[in-house]
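Please read this short report alongside the sequence and the structure, which follow here.

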Amino acid sequence: MAVSYYQNQAEYLLKEYMLANPFVPYTSVVGGILACKMVYDLAQLISALNFKSYPSLSYMKRVEWNNRAISTVHAIFITVLSLYLVFWSDIFADYQLNDLITFRSSSLSTSILGVSVGYFLTDLGMIFWFYPSLGGMEYVIHHLLSIASLAYAMLTSEGQIYTFMVLISETTTPGINLRWYLDTVGMKKSKTYLINGVVIFLSWLVARILLFIYMFYHVYLHLDQVNQLHAFGKILVFGVPTALTVMNLLWFGKIIKGLKKTITKRQ
């Protein structure tokens, strides 16, 4: 009876408080931070048991190894759910005419953004703690902009559709992390490394070039609704994707050069 009572109380608190609309953003952020900690610990345990080269790595290499495991899991999580929300769910569908597409949200979309905020806060904390081993000032600026953009969309529900479109670009992260893992374990000359380079090229082209073109086209089609956003919301819709597009094109050029160099060496 006592166990049943406490179980019912726990379910009541979860539904009435933690999952209640006003608390969704905050509980999801905390959940995201705890999930990052769990993934870090699991990566440390699994890698030590299954990868012979892991124990011989330096302390900072092991930290980065586990850190990249977190970013890989987050990338898969956010890519899958962003694709679902943008292209398959009814939340942002044009046939839903009850309100403006730029102001639509749900408990699910808001909680997903909260988890992502939790990830970026965790990663930023690690960058500061081990600075500059896990990334320099460009990473700090990138994460601060990401946190500001995600938190604004999460708390105001403004422009969530375009926030999720940008988050789909995280689909390139697992490939980039895998490239680092292959290099770290001495597989830079392997066929897997070459295939990985081709996959990065294709995923970058689709998720960071073509997708952004589609997003700008979508903004153009819904410009009357976008113009009703607050000033900061407009900055996020117009400014952030534009800046990211410039950086994506510059990085894409480097990816092409790197892939050409790898292919040339093998001929």
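In this report, a helix is a DSSP run of type H or I with at least four residues, and helices are numbered from the N terminus. The model is a predicted one.

How many salt bridges does a search of the whole structure find? The search finds 3 salt bridges, and the table lists them with the distance between nitrogen and oxygen.

| Salt bridge | N to O distance |
|---|---|
| Asp-41 and Lys-37 | 3.3 Å |
| Arg-68 and Glu-64 | 3.0 Å |
| Asp-99 and Arg-104 | 3.0 Å |

Asp-41 and Lys-37 both belong to helix 2 (residues 24-50), where 4 residues, or about one turn of the helix, separate them. Arg-68 and Glu-64 likewise lie 4 residues apart, about one turn, in helix 3 (residues 59-88).

Are the partners buried or exposed? Because buried means under 20% relative accessible area, Arg-68 counts as buried at 17%, and Glu-64 counts as buried at 16%. Arg-104 is buried with a relative accessible area of 5%, whereas its partner Asp-99 is partly exposed at 35%. Asp-41, with a relative accessible area of 32%, is partly exposed.

Positive charge also gathers on the surface, in a patch made by Lys-188, Lys-189, Lys-261 and Lys-265. Lys-188 is placed in the loop between helix 7 (173-184) and helix 8 (191-221), and Lys-188 is partly exposed, with a relative accessible area of 46%.

Methods: Residues are numbered from 1 along each chain as its sequence is written. This is a predicted model: local features need pLDDT of at least 70, side-chain atom pairs count only at pLDDT 80 or more; totals for chains, interfaces and linings use all residues. Side-chain values use heavy atoms; hydrogens and water are left out. Patches are made of residues with over 30% relative accessible area and no salt bridge: like charges are joined within 9 Å, nonpolar side chains (Val, Leu, Ile, Met, Phe, Trp, Tyr) within 5 Å. Accessible areas come from the Shrake-Rupley method with a 1.4 Å probe; for residues, only the protein chains shown count as cover. A salt bridge is a side-chain nitrogen of Lys or Arg within 4 Å of a carboxyl oxygen of Asp or Glu. Lys and Arg count as positive and Asp and Glu as negative; His and the chain ends are not counted. The place of a charge is taken as NZ of Lys, CZ of Arg, CG of Asp or CD of Glu. Helices (H or I, at least four residues) and strands (E, at least two) are DSSP runs, numbered from the N terminus. Buried means under 20% relative accessible area, exposed over 50%, partly exposed in between (1.4 Å probe, protein chains only).
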